[in-house]
Structure formats: structure tokens, C-alpha cells
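Subject: Structure for your review

Dear colleague,

Please find below the structure that I am handing over to you. My notes on what was found in it follow directly after.

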Amino acid sequence: MFRGCIKTNLEKKVNAYIKKIKSQIPVSYPNRNDIIQTIRQNIDNFRAEHPRASFNEIIEEFGSVTEVAASFLDELPEQEISSILQKKRKMLHIFFALFLICAMIFFVVLYNLSSWAEEEALIFNEGMYIYNDTEETSEILEKLLDIEEFSEN
């Protein structure tokens, strides 16, 4: 009802409030999306009945994010809550392991690049080509002698 193109500060706060509630309710909770839609509809109805209501009044009417989410979590069996926490813990371990692997790869590559740069990263051999129709000047001969001396060392 109140969702238009230009969002007021109150609408932004209400959307953030609903988003926080949604993040607190487990994804596996039965009818989770329907519950979020019902909460949103109830807030819209409250705002229609009380057009001058502030965000604090909405919170007083419906409760804080923690209170609303806790009311749904109280209905979940303990096994469900335990499995949700275990899944989150596993995901955290996986992300941490991936982070460590990426960090190790980064440092190995960095180490190899630095050691490569220290150990003759690139050696350019200057080459000179003299074709049959080229005049041999003293400059060309000096360059040839310099190249031969460099390659002997």
C-alpha cells in the first residue's frame, strides 16, 4: 500500500526492520516467506489506521526485531535449531578454509614473483642483423664487438 517510487524515511526504516526480522528467522522455517508477508501487511494496515505513527510506535506495536524473531524460534523444535546452528558453523569453517587456501596461494605466487625478479627475471639479448646490402660502418662494428664481449661474460 505504501510502496511507491519515492520512499520516505519511515518506509526505509520499516523495510530495514522487516529485512532484519527475515534474517533472524531460519530459512528452513515453515512458511517463512508467508510470515514475512503477513508481518509486512500487518504493518501496512497499522500505518493505514495510524497515518501519523512514528517508527517507534510501530516497534511498540509489533515488538523489536529480536522479540518478533524469538516468537517464531520458540515454536521450532530444539533439534531444528541445533541443526541450523551446525549448518552455520560448517559454513563458517568452509569459508575460513577457503580464505586460508586463497591467502596461501596469493603468498606463494607473490614469493615466486619476488624470487623470480631477484634471479635474472628477464635477460634481453640484443641482436643485430646485417644484410648483404648494409654498409659496415664503424658504429656497427663497435656494437658487434660489445655484444660478443657481453655474451662471453
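Of the 153 residues of the protein, 19% count as buried. Please bear in mind that this is a predicted model. The protein exposes about 12900 Å², and carbon and sulfur atoms supply 57% of that area.

Overall architecture. The secondary structure comes to six helices and zero strands, and the pattern along the sequence is α-α-α-α-α-α. Among contacts between residues at least 6 apart in sequence, 57% join residues at least 24 apart.

The nonpolar core. The largest nonpolar core has 17 residues, of which Tyr17, Ile21, Ile39, Ile43 and Phe72 touch the most other members. Two or more residues of this core are given by each of helix H1 (9-24), helix H2 (32-49) and helix H4 (65-73). Isoleucine 39 is in contact with Ile21, Val68 and Phe72, leaving aside its neighbours within four places in sequence. In soluble globular proteins, nonpolar side chains tend to be buried together.

Val65, Val68, Ala69 and Phe72 are the residues of H4 that are buried. They lie on the same side of H4, because they cover an arc of only 90° around the axis. An α-helix has 3.6 residues a turn, so residues three or four places apart point the same way. Thr66 and Glu67, on the other side of H4, are exposed. The cover over the buried residues of H4 includes H1, H2 and helix H3 (55-62).

Asparagine 15. This residue is found in helix H1. Its relative accessible area is 23%, so asparagine 15 is partly exposed, the class that runs between 20% and 50%. The C-alpha atoms of asparagine 15 and arginine 40 are separated by 8.6 Å, while the two residues are 25 apart along the chain.

Met91, Ile94, Phe95, Leu98, Ile101, Met104, Ile105, Val109, Leu113 and Trp116 make a nonpolar surface patch of about 1000 Å². One of these patch residues, methionine 91, lies in helix H5 (residues 78-118). Methionine 91 counts as partly exposed because its relative accessibility is 42%.

With kind regards

Terms used: Residues are numbered from 1 along each chain as its sequence is written. This is a predicted model: local features need pLDDT of at least 70, side-chain atom pairs count only at pLDDT 80 or more; totals for chains, interfaces and linings use all residues. Side-chain values use heavy atoms; hydrogens and water are left out. Patches are made of residues with over 30% relative accessible area and no salt bridge: like charges are joined within 9 Å, nonpolar side chains (Val, Leu, Ile, Met, Phe, Trp, Tyr) within 5 Å. Accessible areas come from the Shrake-Rupley method with a 1.4 Å probe; for residues, only the protein chains shown count as cover. A salt bridge is a side-chain nitrogen of Lys or Arg within 4 Å of a carboxyl oxygen of Asp or Glu. Helices (H or I, at least four residues) and strands (E, at least two) are DSSP runs, numbered from the N terminus. Buried means under 20% relative accessible area, exposed over 50%, partly exposed in between (1.4 Å probe, protein chains only). A nonpolar core is a set of buried Ala, Val, Leu, Ile, Met, Phe, Trp, Tyr and Cys residues joined through side-chain atoms within 4.5 Å. Contact means heavy atoms within 4.5 Å. The arc is that of the directions from the helix axis to the C-beta atoms.
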